[in-house]
Amino acid sequence: MTASIAAPTRISPWVRLRGQLRNLAPLVTLVALIALFSATSPSFATLSNLSNVLQQVSITAIIAVGLTFVILCAEIDLSVASVANATGILVAFLTVQDASVNIPNLPLPGWLAIMGGLAGCLALGAVTAFGVTRIGIPSFIMTLAMLQIGNGICALLVRGQIAYSVPPVLLTLGSGSIGPVPWIVVVAGLTLLVGHLVLTYTRFGRYIYMVGGNREAAEHSGVGVKAVVGAALLISALCSGAAGMLGVAYFGSAQQNQFDNYLLDAISAVVVGGTSLFGGQGGIGNTIVGLLVLGVLNNGLDHVRMDSFLKILIRGLVLLLALVVNVYAQRLRAKYRSAGG
Amino acid sequence: MAAPLLELDGISKSYPGVKALDGVSLRLGRGEVLGLIGENGAGKSTLMRVLGGVVRPDAGRIGLGGRDRAHLTVAEAQAEGVAFVHQELSMFDNLDAAANVLIGRESLQAGPLRLVDRRACRARVAPLLQRLGADFGPDAPVSRLSIAQRQLVEIARALSVDARIIILDEPTSSLTLSETDRLLAIVASLRNAGTGVIYITHRLGEVVACADRVLCLRDGQVAGELPREGIEHAAMTRLMIGRDLQALYSPPAAAPGDGGLQVQELVTSAFPDRSASLHARPGEILGLAGLVGSGRTSLARAMFGIEPAVGGTILLDGKPVQIGSARDAIARGLYLVPEDRKLSGLVLDMSIAQNVTLPALAGHSRMGLINPASEMRAGEAQRAALRIKAPHASVHAVTLSGGNQQKVVLGRWLSLKPRAIVFDEPTRGVDVGAKGEIYALMRGLADRGVAVLMISSDMEEVIGVSDRVAVMHEGRVAGILGREDLSEASVLRLAIGAQA
């Protein structure tokens, strides 16, 4: 019965290494970029510039945490920037504005305004979750609709105006700092940490990976797949809303379309970091690396005085490269699987 | 003797951990029908994939069309006139029969646009269909054809490319008796026209009826060959199994009790106008046989809440239960070991321990936080109890062989409190040694007082393992056979809907 005893398969270190391509490629990219910019620009590798980079990626980071949950479930959320924008504007709408700002707004005490903002983004997330899990609209299309709805809410609330005031707590968290460290970096770091702990150590985190890894097997094991996907979409909306409120304080104003770049930035950060677009692989660690790659690239290109118009193209090419690596890593994974049995 | 159409010599193919083919040789002459038999997983389909150019053998020689090669490409196989009629027909439902026959080789009109000339296409296909005795024309939409008629379309496709070798893979698995007879007549006429036919089937009666020679594979090797005059049931069974069917059977420790899993007039969405009833008693293994598509898997999915039933009642230990999701079923101790473990059973990128604790994660966590040590203990316990061949429970499920993967899915339920377990094709793609272990585990469960329902298309398994067998035909239970009435013939008769 020689055929019956499957010998424990030996997997060569090389194959194993290639199986780790997803995690290694972004890290190598990050180190290479840092080395490149440090060598070509004396102003890049300084402590104050490190603080710059971190500050520049903080809002993206908060959005990207929620997006990581969604992408790990093999879904997508295209409404993150729009929800952020709507939430930021909603908070401003609920805050007393300067007389020069001509918005028929509804001033509330600061903490109530913040609660209102959180309730707003959760409501949008709940609509998305309902559409995806109950009605069965693919998340790609559902969140595209939510993107437009969020933009519509923004337009209606500010009517082409710009609001400047937000509750004082948000002002501190968004633009203040403790000692040398900006509060926004601390908030982003805490969000990443909590996201990581939830994904790694909790039952819910395990369910996220299972739903992304094999949705049908998860269902066969009694996991409420719809509840998990819905929760991921809610978390994404909550993170977006928080980023939106802090962003308004960070920018010092609330207006339409001010978050437009963050959709692509957040998705890029997750994908560049190596979290699989097919779900089940990756995590917050990957997202952190992705954020740093994007942040260093953005910041470094300025330090070497790259033509700012060329910069846009370069960012596009980097994203394309990351997508190639992402899909290629998935294929290597499949090969590693078949090599393993 | 004239040079054979096809000569395979010493073909070997290994996959990690399994030798799928081990030095298999095969010869096929002009106008010869070769019956190819063997258990599931014996290597028949791998061998045919080598012949179709899909799988590249590790060693061996392929003599085809007067040339020797180490391997074939798909294009070479087609150019040499090798044609397949598959078990699961691959057709374009939205096109007519003629278009399906001539796919990629349509007649084109003269003129710069080179439009498809439908009339010419139909004129080419009509005589082929006539030759096969088809009762439909080339303009018949495939979506309206029965499975038997579709099969004729596939055979016509093979004829249209002047195939010299036609491979029929389980052609009758979904046919009625009279349709089978007609197909056998067509095989005979192909032979008389000089075509070489390889006929793969589980149904030994058909081999007796049509084959000139029989080749039997077992565990990737040629188990034996029978000449025309030696083709009879007993000899073939002996070659296929290499042991006595009844020897597989181990009797239950005690008489079955009351209660267990009972299904009354259950209606599934697959057969909305039929209902099925059956009763798996605690302490027994009830086999559920039937042809592919007879509604067995739908029934299992309905019982387990994956596709909730349209109507009917499910009783566990005599009490009616509402099952609207897998969660409900699991909460009541009713478990399913699904048909396709890679698709619906395992999360391949997770460890054995993580897969084992999947439905019971609440028991390994406190306030939502997973306790990795407790999880690993549970994984280790099942790894040891089920003798899963892996150094540690932290090994990823990806790296395990089919049999060991199946044990992981099983281990998941064994660590809970099962009252009834449904096994859907428990040993598909599982090697022979692990099969025996899985049978023993099923018997062990039954002896612990669990009601075991085993869905299987493997006749040896159904007859060899079950205490009783319920046979499904088109969505309803056509009959239930006790151990003493069990035979390949009695099960098949019910499965194909023949009147008793």
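In what order do the four strands of the open sheet β2-to-β5 region of chain B line up, and is the pairing parallel or antiparallel? The order is β2-β1-β4-β5, and the pairing is antiparallel. The model is a predicted one, where local features need pLDDT of at least 70 and side-chain atom pairs count only at pLDDT 80 or more, while totals for chains, interfaces and linings use all residues. Residues are numbered from 1 along each chain as its sequence is written, with chains lettered from A and ligands numbered from 1 in the order in which they are written.

Strands (E, at least two residues) are DSSP runs, numbered from the N terminus, and two of them pair if DSSP finds at least two bridges between them. In general, strands of a sheet pair through backbone hydrogen bonds, either parallel or antiparallel.

At the edges of this sheet sit β2 (18–28) and β5 (67–69) of chain B, each pairing on one side only. From one strand to the next, the twist averages 20 degrees (axes being lines fitted to C-alpha atoms, with angles from 0 to 180 degrees between N-to-C directions). Inside it, β1 (residues 6–15) and β4 (residues 59–64) of chain B are antiparallel and share five bridges; D9(B) has R61(B) in β4(B) as its bridge partner.

Chain B also holds an open, antiparallel sheet of four strands ordered β12-β11-β14-β15. Here β12 (276–280) and β15 (319–321) of chain B have a single partner strand each, so one side of each lacks a neighbour in the sheet. Neighbouring strands are turned by 20 degrees against each other on average, direction ignored. Five bridges link the antiparallel strands β11 (residues 261–267) and β14 (residues 311–316) of chain B, and V267(B) finds its bridge partner in G311(B) of β14(B).
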